[in-house]
Amino acid sequence: MDILWAILPFFNAGLVASIFSRFTGMNMSMCTLLTLLYMGATPVESVVAMLLFNAFTYFTIYSQQHLMKPKDFYFFPGVKLAIPILLMIAFTALNPFFGIVFFVAVFLMEIFAKVYLGMDKKVRPSRNTLLQMCAIAAVAVSIGVALVQFMPKEYYYIFAGIVILLYAYWMWQCRNRNQYTGIWDKILYGSSFVTGLTGIDASDWLGAMERNTPSMLSRCYPIVINAAMLVALVVSYGIYQYFSLGALFTSIGAAIGIRLFGLHEFSRRSPFSYVTLGITVLTVLIFMLIQPVPTGFPELPLGVGDDLFSW
């Protein structure tokens, strides 16, 4: 029973965030970040938890949008799927963190291979170009992850709230889809740096406001940012030796919410929804009035050795 009560707040955070995002259009990772900070997460705890949450949640989203059978896999089709499964078991036996990350990486890689190969060859970037974009974004996210330890934890909730408000302002500012075309890639790479500082993945908002003349990066940004977050997650473990088990249960809650209620669908032609922007701003202002205290995540009494995880 103690385990259940310890897990429940994390599970509820993901479930509520997915439902609130579905019916308001507010970015799901923004909702989740505010909830985790309300629970008392410190800057490092919140960012590491958000990186794992984003990876697992978007794995759920993309696997739902792109249904695949083992025979349709590109890297490990059919019986070859046994190879990553056995490797995952081996990694998990050595260190559960690497087993979990490897599992997500393999299946995201298969999904994104299908997405990439399904793109029109006339606008599809070469594999080397795609790898270069992923590498740049991975460096940007990793730098943000490395810097978050220097953020004053007492005021981090203010910083996170301001970042969300700036995103809302930018969505309003970008309502003319012919503007900012020349700097859109810089905006996307800048957003990846913000992902490292806050854990916010704004790819759904940015994708909804794609320019009338989209760049190769904007077409592939979901692939790029998810690859970058997986790299940054490994980097964060190397820097902080911290892994948030609670984020797994937050992801499970979000996955259930997505399966039951679906996802918010944004228009890719009209300006960004003013209702969504208004609700986002109101949510952030209420959150700032609450003034959460960074007491740290509650302990999860699962009886696992502290040498592998920090709970």
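Reader: What volume does the largest pocket have?
Author: This is a predicted model, and the values here are computed from it. The 30 residues that line the largest pocket include Tyr-62, Gln-65, Asp-204, Pro-222 and Arg-268, which are the closest to its centre. The volume of the largest pocket is about 830 Å³.

Reader: How many charged residues are in the lining of the largest pocket?
Author: At least two residues of this lining come from each of helix 1 (2-24), helix 3, helix 5, helix 8, helix 9 (203-208) and helix 10. By class, the lining of the largest pocket has 15 nonpolar and nine polar residues, and the charged ones number six.

Reader: Which helix gives the most residues to the lining of the second largest pocket?
Author: The second largest pocket holds about 510 Å³ of space. Of the 18 residues that line this pocket, Phe-75, Met-109, Leu-130, Leu-131 and Ile-223 are the closest to its centre. Two or more lining residues come from each of helix 5, helix 6 (127-147) and helix 10. The most, eight residues, come from helix 5.

Reader: How many nonpolar residues does the lining of the second largest pocket have?
Author: This lining can be sorted by residue class. One residue is polar and one is charged, while the number of nonpolar residues is 16.

Reader: What is the volume of the largest cavity?
Author: The structure has two cavities of 30 Å³ or more. The largest cavity is lined by Leu-37, Ala-41, Lys-153, Tyr-156, Tyr-157, Pro-292, Val-293 and Pro-294. Seven residues of this lining are nonpolar, none is polar and one is charged. The volume of the largest cavity is about 60 Å³.

Reader: Is helix 4 roughly parallel or roughly antiparallel to helix 5?
Author: Helix 4 (residues 82-94) packs against helix 5 (residues 96-117) with the axes 5 Å apart and at an angle of about 155°. Angles over 145 degrees count as roughly antiparallel. Helix 4 is therefore, relative to helix 5, roughly antiparallel.

Reader: How many nonpolar residues are in the contact of helix 4 with helix 5?
Author: On the helix 4 side are Pro-84, Leu-87, Met-88, Phe-91, Thr-92 and Leu-94, and these meet Pro-96, Phe-98, Gly-99, Phe-102, Phe-103 and Val-106 of helix 5. Two residues of this contact are polar and none is charged, and the nonpolar ones number 10.

Reader: Which word describes how helix 3 lies relative to helix 8?
Author: The axes of helix 3 (residues 43-65) and helix 8 (residues 184-198) are 7 Å apart, and the packing angle is about 120°. Because of that angle, helix 3 lies relative to helix 8 in a way that counts as oblique.

Reader: Is the crossing of helix 3 and helix 10 left-handed or right-handed?
Author: Helix 3 packs against helix 10 (residues 216-240) at an angle of about 145°, with the axes 10 Å apart. The contact has 13 nonpolar, three polar and no charged residues. The crossing of helix 3 past helix 10 is left-handed.

Reader: Which residues does Ser-63 touch, leaving out those up to four places away in sequence?
Author: Ser-63 is part of helix 3. Its C-alpha atom is separated by 16 Å from that of Phe-261, which is 198 residues away along the chain. Leaving out residues up to four places away in sequence, Ser-63 touches Ile-111 and Arg-259.

Terms used: Residues are numbered from 1 along each chain as its sequence is written. This is a predicted model: local features need pLDDT of at least 70, side-chain atom pairs count only at pLDDT 80 or more; totals for chains, interfaces and linings use all residues. Side-chain values use heavy atoms; hydrogens and water are left out. Axes are lines fitted to C-alpha atoms, for helices over the stretch in contact, and angles run from 0 to 180 degrees between N-to-C directions. Helices (H or I, at least four residues) and strands (E, at least two) are DSSP runs, numbered from the N terminus. Angles under 35 degrees count as roughly parallel, over 145 as roughly antiparallel, 65 to 115 as roughly perpendicular and the rest as oblique. On a 1 Å grid over the protein atoms alone, a cavity is a set of points where a 1.4 Å probe fits but cannot get out, and a pocket is an open set with protein on both sides within 12 Å along at least five of seven lines; lining residues have an atom within 4 Å of a point. Grid points are joined across faces, edges and corners, and a volume is the space filled by probe spheres set on the points. Ala, Val, Leu, Ile, Met, Phe, Trp, Tyr, Cys and Pro count as nonpolar, Asp, Glu, Lys and Arg as charged, and the others, Gly among them, as polar. A crossing is left-handed if the near helix is turned anticlockwise from the far one by less than a right angle, and right-handed if clockwise. Contact means heavy atoms within 4.5 Å.
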